[in-house]
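Subject: Handover of the two-chain model

Dear colleague,

Here is the structure I promised to pass on to you, and my notes on it follow below. Please read them with the model open beside you.

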Amino acid sequence: MSEILIILIKVVLALVWLLVLTLYLTWAERKESAVIQDRIGANRAAIFGLRMIGLFQPFCDAIKMIFKEDFSPKFSRRFLHTTAPLISFVFVAVTISAMPFASPLHIGDKIITMQILDINVGLLFILAMLSLGIYGIILSGWSSNNRYTMLGSLRGAAQLISYEVALGLSLIGIIMIFPSLQLSKVVTFQGDLLFGFLPKWGIFLQPLGFLIFFIAALAETKRVPFDLPEGESEIIGFFAEYSGLKWGLFMMTDFMEIIIISCLTTTFFFGGWQVPFLAADGFHFPWGGEWILAHGVVILFQVLIFNLKVFFFCWLQILIRWTYPRYRYDQLMDLGWKALIPLGLINIVVTGIVMSIIK
Amino acid sequence: MIEIFIVFLIFGLLGIVLIFMNKFLGPSRTNPSKEKQFECGSPFLQKGINPIPIKFYLVAFLFLLFDIEVVFFFPWALIFKEMGLTAFIVMFAYIFILAIGFIYAWKKGAFKWEN
């Protein structure tokens with residue numbers, strides 16, 4: 001019984017973490033774009049005259065969205081029109097359950113993993129769920145029965161499936177070095193040191209793999225350098241016929257994808273919850289210092305550093321979104337098929353050769 | 001494996017609640033212009049959906065081929081450290097065949113998007 005209670009608590013905590021971070025990413029996006037464009041950004045939402053640089057804005061937006069009309073047009077296919085945002089939301093959101101937030105917590109003789117699903121096919125689970133999200137896009141565009149939404153969903157599907165091949169290929173190299181598909185194990189492998197001082201993170205062993213992964217992942221989030229499915233200024237996108245919270249779910253899915261991609265990048269290429277030089281009992285510096293810490297403090301450190309890394313990549317993605325112009329459709333497909341996939345294959349071959357020589 | 005069940009249950013329930021929240025909390029006022037397709041205000045030219053360009057079908061086909069090949073890489077990558085050189089030679093042949101297929105598709109014009 002206590003097992004199920006622990007799982008429930010973990011699920012609720014992960015859900016709250018994800019939703020709050022999603023809400024605040026909308027705020028961060030508005031503020032960061034404002035800074036980039038020399039504006040002030042959202043700052044009017046206030047409680048009792050307390051403005052707090054617009055920190056209440058996401059909640060205002062959410063409340064506004066909740067009280068909108070539930071509307072699906074007569075010409076749409078009602079059932080699919082309603083389920084499409086649900087599919088899109090659920091399959092992206094569940095991937096958070098496979099992310100390791102810290103090393104297992106020991107309380108007495110009980111071991112609590114800081115991860116909901118510690119399954120041995122974690123990576124395949126995440127990739128599968130992210131691909132299932134494509135159904136949401138196709139169904140929303142098709143069921144809306146509108147030419148522009150259809151165009152958006154076709155572009156979206158073509159783009160996502162093209163970059164998925166590159167996404168898979170870029171992770172093969174990292175799996176070769178850290179031979180496990182279990183995310184907690186991949187993170188544990190990254191705790192060692194290279195040459196005695198450099199943390200053995202994926203980025204130092206697979207720089208090309210990281211580059212391919214990050215570009216493909218940016219394309220998977222469908223945001224600005226790759227925002228053809230949405231294309232605000234030409235076609236409105238696959239969710240043109242949506243309103244209220246159904247549209248809100250699509251927007252939330254977008255921001256959740258940013259978080260998921262940041263989590264994945266952190267887990268595979270930046271050591272996940274690993275803090276440099278932090279072992280299970282405290283810091284051991286290579287130049288000979290020591291700082292012994294209690295078990296709980298170490299876990300806290302790991303959770304904090306994981307969050308910090310995730311925030312950094314969220315910030316980086318927003319920065320990229322507000323810096324670069326949009327690709328043209330053929331440029332986008334060229335980059336996916338003619339650049340990233342061959343590079344991914346070359347990365348695998350080079351990794352194989354180097355590993356065979358070093359061994 | 002009860003975790004997977006609980007995760008899907010909770011996330012699914014949350015999604016369903018969010019989908020139907022507007023129905024109970026929002027207003028419901030229809031008018032004829034709401035029921036028109038959204039095409040930026042101009043009168044729309046044709047109803048419904050046209051046939052889909054065959055290019056998208058080709059992309060889907062290529063994806064199917066290459067993604068299955070990517071899946072074959074995963075078990076190989078897992079045991080690469082143990083098997084060493086043998087695994088490398090075997091997989092090099094596989095990548096070689098894959099590259100030939102890739103170049104063939106390229107030369108046939110499968111990656112030409114603009115016409």
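Predicted model: local features only at pLDDT ≥ 70, side-chain atom pairs only at ≥ 80, totals over all residues.

Is A:A62 buried, partly exposed or exposed? A:A62 is partly exposed, because 16 other C-beta atoms lie within 10 Å, where a residue counts as buried with 20 or more other C-beta atoms within 10 Å of its own, as exposed with 12 or fewer, and as partly exposed in between, the C-beta atoms being placed from the backbone.

Residues are numbered from 1 along each chain as its sequence is written, while chains are lettered from A and ligands numbered from 1 in the order in which they are written.

The domains of chain A

The domain assignment of chain A, which is an automatic or database one, gives domain 1 (1-67) and domain 2 (69-358), and the C-alpha centres of these two domains lie 20 Å apart. Between them, 17 residues of domain 1 of chain A are in contact with 17 residues of domain 2 of chain A, contact meaning that the C-beta atoms, placed from the backbone, lie within 7 Å. On the domain 1 side, α1(A) gives the most, with 15 residues; helices here are DSSP runs (H or I, at least four residues), as strands are (E, at least two), and both are numbered from the N terminus.

Helix α8 of chain A (residues 207-220) has 14 residues, which at 1.5 Å a residue should span 20 Å, and its end C-alpha atoms are 20 Å apart, which agrees; the expected span is 1.5 Å times one less than the number of residues. Eleven of the 14 residues of α8(A) are buried, so this helix is largely enclosed by the rest of the structure. Its buried residues, among them A:G209, A:F213 and A:A216, pack against α4 (122-143), α5, α7 (202-205), α9, α10 (295-321) and α11 of chain A. After α8(A) comes A:K222, whose phi is positive, near 60°.

Leaving aside neighbours within four places in sequence, A:A216 is in contact with A:Y163, A:A166, A:L167, A:S170 and A:L340.

Chain B and its interface

Chain B has three helices and zero strands, and 12% of its 115 residues count as buried. In all, 60 residues of chain A are in contact with 52 residues of chain B. On the chain A side, α5(A) gives the most, with 14 residues, and by class that side has 40 nonpolar, nine polar and eleven charged residues; Ala, Val, Leu, Ile, Met, Phe, Trp, Tyr, Cys and Pro count as nonpolar, Asp, Glu, Lys and Arg as charged, and the others, Gly among them, as polar.

With best wishes

Note on methods: Contact = placed C-beta atoms within 7 Å.
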